[in-house]
Amino acid sequence: MRTLYQFHGGIHPPGNKEQSTQSGIARAPLPSRLVIPFRQHAGEAAKPIVRVGDRVLKGQLIGMPVGFISSAVHASTSGTITAIGAQPIAHPSGLPDLCATLIPDGREEWIPHAAPSTSLRTGFDYRNSDPAELRRQLRMSGVVGLGGAVFPSDIKLRPGNRKIDTLILNGAECEPYITCDDMLMRERAAEIVQGAEMLRFMLEAGEVLIGIEDNKPQAIAAMRQAVADNGFSFEVVAVPTIYPGGSAKQLIRVLTGLEVPSGKLPTDIGVQCFNVATAYSAYRALAHGEPVLSRIVTITGNVRRAQNFEVLLGTPVRDLVALGEALPDTDRYLMGGPMMGLPLPLQHGGAEPSGAGGAAGQLLPQAAGFASNVSQLPPTDIPLVKASNCIIAASGRLFPPAPPALPCIRCMRCAEACPADLQPMDLFWFSQSKEFDKAQQFSLFDCIECGACSYVCPSHIPLVQYFQFAKSEIRAREHDQQAADHARERHEFREYRFEREKQEKAEKLAAREQAAKQAQPAASANPADAMQQKIQAAIARAREQAAASQPKNTDHLTAQQQAEIAEIEARRAHIHELAKSADEAPDNHSEGRSQ
Amino acid sequence: MLSALLVMAGIAIVLGAVLGFSAIKFRVEGNPLVDKIDAILPQTQCGQCGYPGCRPYAEAIASGEADINRCPPGGEEGIHKLADLLGVEFKPFGGGTVLKPKSVAFIDENLCIGCTLCFQACPVDAIAGAAKQMHTIIASECTGCELCVAPCPVDCISMVPITEKIANWKWKYPVYTLAQAK
């Protein structure tokens with residue numbers, strides 16, 4: 001039995017997971033319209049490489065990764081691209097982003113050479129492949145972290161400066177209501193462990209630990225069975241159920257006892273962590289040549305039929321909500337869990353969360369209130385993306401509005417609950433008063449925004465929102481400072497260039513004067529001599545020019561041509577004679593002219 | 001008595017030598033305060049302060065010539081930072097100061113006649129072009145100083161405010177209701 005460790009703090013919110021685990025994963029029917037955002041991953045958005053009107057096949061690349069941290073985007077099914085433009089997406093800002101609208105043709109026609117979802121790619125053995133080529137395939141298949149951070153997986157698999165000892169597969173799924181990883185592990189354990197082996201191969205990691213919270217006994221059993229069936233030496237570890245035990249740093253702590261130092265990455269202590277769904281999609285991408293086109297999404301909360309569905313990326317939330325049969329008193333939808341999830345904007349204007357308050361956490365105190373008197377809201381058109389693990393239909397009954405906030409009484413409960421061992425009450429104080437340098441000194445950037453502090457706060461202060469505000473403000477300032485430094489550099493270089501040009505001009509002028517002086521050192525001694533020299537030089541130049549301009553066509557002439565020349569010369573001489581005789585009698589002429 | 005005088009004089013000479021040596025050895029070129037002030041200024045080089053660029057303004061502040069509230073692009077926050085650095089009171093902007101949203105210049109390329117006047121005015125070389133060729137703004141380098149707008153003889157340069165996009169969006173300051181005291 002493995003020794004497990006504990007991380008500081010943590011909370012035990014009600015799980016509410018059993019509602020959506022009653023039946024297995026169902027495949028959602030093909031929607032009538034897909035909206036596929038080009039930014040479904042952390043980093044640079046993909047660049048569209050299709051045009052409006054193009055017919056695309058299932059799995060066809062439509063967004064090319066741009067830059068280092070980026071990933072590919074594919075058509076989730078075959079059909080026609082009818083629009084490429086800004087459309088509402090799931091983002092706390094509520095701002096639209098670039099998306100492609102795809103109208104499916106219903107034929108689900110795959111791209112050529114991509115294997116249909118059942119057969120393995122022939123002749124492909126990842127063990128004989130270059131890891132760099134495998135990483136490239138993952139990037140071009142759009143494989144990103146499906147636990148929620150959607151960080152491109154190929155970058156996490158690059159060899160760093162330290163050897164990776166431990167690969168951790170994260171199946172903890174600590175947030176209430178969400179069961180997509182649980183169901184995936186129950187039903188597709190074999191593919192997950194094979195994907196994990198591929199990841200282990202690429203990282204050249206020693207041991208593989210699969211951490212699953214002990215509230216998922218069926219998933220643990222399925223994964224153990226799959227590991228045994230494949231003959232791998234992975235260890236499936238049941239970890240205690242505590243929120244946020246599924247956060248990478250906290251899970252690493254529980255499984256290995258190692259703590260990721262502040263400002264460092266897990267790879268710096270020889271550990272790398274992937275979500276189970278990421279391992280699954282890596283397996284599909286490498287073994288079947290299938291890009292990430294769908295994911296498992298839990299629909300739960302205030303619904304008649306809570307279940308997990310495999311949905312195509314780009315499917316509107318409304319379709320999933322219809323499958324779950326949301327109850328009439330549903331007044332809003334959450335993407336993600338109740339602790340860290342995102343309230344979705346609704347398309348009737350009234351209850352749309354403003355940018356100021358569209359923040360995480362329905363179990364948490366809310367900064368912006370929602371209109372609670374609205375019934376029968378039209379469901380939203382926001383597309384489901386790679387980060388969407390869960391949709392919760394929420395109602396006032398399920399998540400009663402938080403009571404109004406009270407001043408902080410410094411009771412320290414937040415510090416006791418903080419899994420990152422921070423002091424949220426101090427961070428709150430500094431963020432509220434915009435003392436950002438002090439907030440940074442108190443390790444604001446180690447905050448994982450889990451919401452445990454807000455959950456326990458007896459004054460119902462929306463702490464996480466203050467931390468999100470402070471973090472994004474600090475990042476913006478760093479960006480501004482960089483821009484200012486860059487502008488200063490360019491300005492100073494411009495000044496330097498002007499100075500240099502001025503100097504070069506002056507030097508050139510001085511050099512020319514110097515050269516003129518050296519060319520005629522005698523000039524100052526005797527001006528008359530110098531003048532004579534100049535005249536002689538000019539005569540010599542003229543002679544040279546005359547010699548150069550001698551006709552070159554007088555050689556090798558025929559006798560006839562020579563006769564002609566002689567004749568012309570004679571005529572010319574005669575004319576000269578005539579002219580001379582005319583000169584001798586100038587008076588006649590001048591008289592004639594003057595009259 | 002004499003030995004005491006000699007000891008004191010000796011100490012004075014040694015310390016004087018040390019001070020003299022370090023004054024030469026650790027001499028600081030320029031005024032370090034100017035660098036600190038310059039680091040706070042937003043480097044738009046717009047000249048709205050009345051000085052030809054951020055560094056001249058920083059020098060003017062350091063020498064006590066200029067007030068700290070002359071830099072509109074730095075905003076009130078810039079004044080706060082300068083006040084903190086210099087240990088003086090915060091001073092609001094004068095009545096005539098208009099705070100504008102952050103913008104970048106935009107050249108209407110249909111109207112541009114290629115006169116090169118704008119890029120002679122640009123303090124950060126953010127305009128590309130050549131004589132009698134169309135000019136264009138390198139938006140990523142533009143500081144929004146507006147110095148190129150006035151010289152343009154055909155008024156083809158406009159300032160476009162930077163809109164909020166997903167890439168540059170920031171979380172807003174949380175606003176929530178406090179419970180009423182009973």
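**A buried threonine**

Mentor: Let's begin with Thr315(A), which is buried, with a relative accessible area of 4%. Keep in mind that this is a predicted model.

Trainee: Why is Thr315(A) called buried?

Mentor: Buried means under 20% relative accessible area. Thr315(A) has 4%, so the word buried applies.

Trainee: Where in the chain does Thr315(A) lie?

Mentor: Thr315(A) is in the loop between strand 14 (307-312) and helix 8 (317-324) of chain A.

Trainee: Which residues does Thr315(A) touch, not counting residues up to four places away in sequence?

Mentor: Its contacts are Pro31(A), Leu34(A), Ile382(A), Pro383(A) and Leu384(A). There is also Val35(A), 280 residues apart from Thr315(A) along the chain, with 6.7 Å between the C-alpha atoms.

Trainee: And what share of chain A counts as buried?

Mentor: Of its 595 residues, 47% are in that class.

Trainee: What makes helix 3 of chain A mostly covered?

Mentor: Helix 3 (residues 180-187) has eight residues, and six of them are buried. Those six are Cys180(A), Asp181(A), Asp182(A), Met183(A), Leu184(A) and Met185(A).

Trainee: Which residues make the contact of helix 4 with helix 7 of chain A?

Mentor: Helix 4 of chain A brings residues including Ile192(A), Leu199(A) and Met202(A), while helix 7 of chain A brings residues including Val276(A), Tyr283(A) and Leu286(A). The residues of this contact divide into 12 nonpolar, two polar and two charged.

Trainee: How do you know that helix 1 of chain A is roughly perpendicular to helix 7 of chain A?

Mentor: Helix 1 (residues 131-140) of chain A packs against helix 7 of chain A at about 110 degrees, with the axes 10 Å apart. The range for roughly perpendicular is 65 to 115 degrees, and therefore helix 1 and helix 7 of chain A belong to that class. Leu134(A), Gln137(A) and Leu138(A) of helix 1 meet Ala282(A), Ala285(A) and Leu286(A) of helix 7. Five of these contact residues are nonpolar, one is polar and none is charged.

Trainee: What makes strand 11 and strand 12 of chain A edge strands?

Mentor: They belong to an open sheet of four strands in the order 11-10-9-12, with parallel pairing. Strand 11 (235-239) and strand 12 (271-275) of chain A each have a single partner strand, so one side of each has no neighbour in the sheet. From one strand to the next, the twist averages 25 degrees.

Trainee: How do you know that strand 10 and strand 11 of chain A pair?

Mentor: Pairing needs at least two bridges. Strand 10 (residues 207-213) and strand 11 of chain A run parallel and are joined by five bridges. Ile212(A), for example, stands opposite Ala238(A) in strand 11 of chain A.

Trainee: Which strands of chain A form the open sheet with antiparallel pairing?

Mentor: Four strands do, in the order 2-8-7-4. Strand 2 (34-37) and strand 4 (55-56) of chain A are the edge strands, each pairing on one side only.

Conventions: Residues numbered from 1 in each chain as written. Chains lettered and ligands numbered in written order. Predicted model: local features only at pLDDT ≥ 70, side-chain atom pairs only at ≥ 80, totals over all residues. Heavy atoms only, no water. Contact = heavy atoms within 4.5 Å. Helix = DSSP H or I, 4+ residues; strand = E, 2+ residues; numbered from the N terminus. Nonpolar A, V, L, I, M, F, W, Y, C, P; charged D, E, K, R; others polar. Axes fitted to C-alpha atoms, helices over the stretch in contact; angles between N-to-C directions. Parallel < 35°, antiparallel > 145°, perpendicular 65-115°, else oblique. Buried < 20%, exposed > 50% of the residue type's maximum accessible area, 1.4 Å probe, protein only.
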